[in-house]
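Subject: Structure handover

Hi,

Here is the structure I promised to pass on. Please open it and keep it on screen while you read my notes.

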Amino acid sequence: MRKQFLAALLLSATTLATAAHAADLRIGLQDDADVLDPDQSRTFVGRIVYASLCDKLVDITPDLEIIPQLATGWSWSDDGKVLTMDLRDGVTFHDGTPFDAEAVKANIERSKNMPESRRKSEVKSIESVDVSGPLQVKFNLTAPDATLLAQFADRSGMMMSPTAAEAAGVDFGNNPVCSGPFKFVERVQQDRIVLGKYDGYWNADAINFDTVTFLPIPDTTVRLANLRSGDLDMLERLAATDVASVKGDADLSYEEAVSLGYQGITVNINNGEKGDNPFGNDPKIRQAFNLSLDRDAINQVVFEGAFAPGNQPFPPTSPWYDKDHPVPARDVEKAKALLKEAGYDSLDVEIQVANNPVQTQMMQVVQSMAAEAGFNVKLKTMEFASLLADQSAGNYQGSQVGWSGRVDPDGNIHQFMTCKGGINDSKVCIPEVDKLLDEARTSTDTAARKAKYDAARDILIDELPIIYLYHPTWIWALSGKMEGFTPYPDGMIRLENVKFK
């Protein structure tokens, strides 16, 4: 009897422990997120955290259709200068503050006016916001803006509690309060971000986890080992070299989606004192560096052919790609000649790179290729959030960094290439490019917009403030006990209807 009782007790404890674990999801990230404030942040992994923390006005489908989230419907005025949105009823922020039209107005005004906001260029077209009802807002635009709904599908559309935002100010990211399925619990830099289920969530029935913990693990090998050992339940950005191994593992599952974004080298053109160097000052030198690279070889050597070589903000498969400027073939002799024309037989260039094995290996290949054209590339390996901080501050010559991509083409170029763009870390400033990119925002005619982007590319292909390298494919590996995960081309991890079997 006693043995049976102990066995039953042990089984009960095991069942409880399993149930407890089943409600706790652990996700391995390639990097640590930066500040958890949608107005200030810029990292891809930060957006992954936001997918669980901060709902947006609208979302996208896997096929890139814009659909309701906090806004349930919308309409445009005949002149395209007023966007009216109806808002979801019964939504509250994690601190209990109601989500309503006044909250939307406060969020947009913060994005537009907070000195530290990186969203200013994304909502630049919004002149004012009218509260036309408790659950209705009107966005009054200075000119038609074809990009605005796509902006609202990302950080510009993420809604923060106006109560918490006003109280915390610039420090909101220390304790972010949004309206998503999970609320902020704790953060330990470089170790973990923990979120807990928000019971008041408007779509709570679709959420099956009590907590979700995001763990930054830059080493792809370690990340995969943690998944196999059960210490992680899923990971983002599986190394291309591990795809076959994961596909052949019966205990794991594999998902992928073609990315909207790119990876490249941002060059400091005029961002502080470090922008005053030959690499930043002379576009001819950047052209030489560009021609020293074999993008097809980089894709094969580092990514086993899984990614797409690229030289523009849009992948070659995109309808926005400018076919007049195809991916250049490597030409070492022409690269040497351009460097010579600029007055150098050889040139030292320092490029910072994130401290994960994949990006480091990729830049070592770039380093080797560029050396054959006379570039002595010194790689400065850094923790990713620190790399971005130095990049923003202008404390760099070159920085290997990417962009996860946006549904509308404007999101891949405007804020990087306009004089006052929110993520223009190179500080490139070409008035004609500003004019073209601003005009591309105001038209709903796809052909007219494409002509503007192509004209901007005609200029930027020579200036090269960003030397584009490739377009990744998002790759996820998951425990075989998980089900319901849907891959999206924006690379986000949406947890609605995801659960353990």
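At what angle do helix α15 and helix α16 pack, and how far apart are their axes? The angle is about 160 degrees, and the axes are 8 Å apart. To find the pair, look at residues 431–442 for α15 and residues 446–463 for α16. Before you go further, note that this is a predicted model.

**Helix pair α15 and α16**

An angle over 145 degrees counts as roughly antiparallel. α15 and α16 are therefore roughly antiparallel to each other. Their crossing is left-handed. On the α15 side, the contact uses Glu-432, Val-433, Leu-436, Leu-437, Glu-439 and Ala-440. They meet Arg-449, Lys-452, Tyr-453, Ala-455, Ala-456, Ile-459 and Leu-460 in α16. By class, the contact of α15 with α16 holds nine nonpolar residues, four charged ones and no polar ones.

**Helix pair α9 and α11**

Next, go to α9 (residues 283–291) and α11 (residues 332–341). Their axes come within 8 Å and cross at roughly 165 degrees. That makes α9 roughly antiparallel to α11. The crossing of α9 and α11 is left-handed. Which residues meet here? From α9 come Lys-284, Ile-285, Gln-287, Ala-288 and Leu-291. From α11 come Val-332, Lys-334, Ala-335, Leu-338, Leu-339 and Glu-341. This contact of α9 with α11 divides into seven nonpolar, one polar and three charged residues.

**Helix pair α10 and α12**

Now take α10 and helix α12, which covers residues 357–371. The two axes come within 10 Å and cross at roughly 140 degrees. That makes α10 oblique to α12. The crossing of α10 and α12 is right-handed. Ala-297, Ile-298, Val-301, Val-302 and Phe-303 are the α10 residues in the contact. Their partners in α12 are Val-358, Gln-361, Met-362, Val-365, Val-366 and Met-369. The contact of α10 with α12 has ten nonpolar residues, one polar residue and no charged ones.

**Salt bridges**

Side chains of opposite charge can pair when their charged atoms come close. How many salt bridges does a search of the whole structure find? It finds 31.

Start with Asp-32 and Arg-187. Their closest N and O atoms are 3.3 Å apart. Asp-32 lies in the loop between β1 (24–29) and α2 (44–53), and Arg-187 lies in strand β8 (residues 182–188), so the pair ties together parts that are 155 residues apart in sequence. Is Asp-32 buried or exposed? Asp-32 is buried, with a relative accessible area of 4%.

Then look at Arg-192 and Glu-186. Their side chains meet in a salt bridge of 3.1 Å, N to O. Arg-192 is partly exposed, at 27% relative accessibility. Glu-186 is partly exposed too, with a relative accessible area of 31%.

Another salt bridge joins Arg-237 and Glu-236, at 2.6 Å, N to O. Arg-237 is buried, and Glu-236 is buried as well. There is also a network to find: salt bridges that share partners join Arg-47, Asp-154, Arg-155 and Arg-406.

**Phe-184**

Phe-184 lies in strand β8. Its relative accessibility is 16%. The cut-off for buried is under 20%, and Phe-184 counts as buried. Which residues does Phe-184 contact, leaving aside neighbours within four places in sequence? They are Leu-36, Leu-53, Asn-174, Asn-175, Pro-176, Val-194 and Leu-195.

**Two positive phi values**

Glu-304 has phi near 50 degrees, a positive value in a residue other than glycine. Glu-304 sits in the loop between α10 (295–303) and β14 (308–309). Glu-304 is exposed, with a relative accessible area of 51%.

Lys-427 is not a glycine either, and its phi is positive, at about 60 degrees. Where is Lys-427 found? Lys-427 is in the loop between α14 (414–417) and α15. At 35% relative accessibility, Lys-427 counts as partly exposed.

Best wishes

How values were computed. Residues are numbered from 1 along each chain as its sequence is written. This is a predicted model: local features need pLDDT of at least 70, side-chain atom pairs count only at pLDDT 80 or more; totals for chains, interfaces and linings use all residues. Side-chain values use heavy atoms; hydrogens and water are left out. Axes are lines fitted to C-alpha atoms, for helices over the stretch in contact, and angles run from 0 to 180 degrees between N-to-C directions. Helices (H or I, at least four residues) and strands (E, at least two) are DSSP runs, numbered from the N terminus. Angles under 35 degrees count as roughly parallel, over 145 as roughly antiparallel, 65 to 115 as roughly perpendicular and the rest as oblique. A crossing is left-handed if the near helix is turned anticlockwise from the far one by less than a right angle, and right-handed if clockwise. Contact means heavy atoms within 4.5 Å. Ala, Val, Leu, Ile, Met, Phe, Trp, Tyr, Cys and Pro count as nonpolar, Asp, Glu, Lys and Arg as charged, and the others, Gly among them, as polar. A salt bridge is a side-chain nitrogen of Lys or Arg within 4 Å of a carboxyl oxygen of Asp or Glu. Buried means under 20% relative accessible area, exposed over 50%, partly exposed in between (1.4 Å probe, protein chains only).
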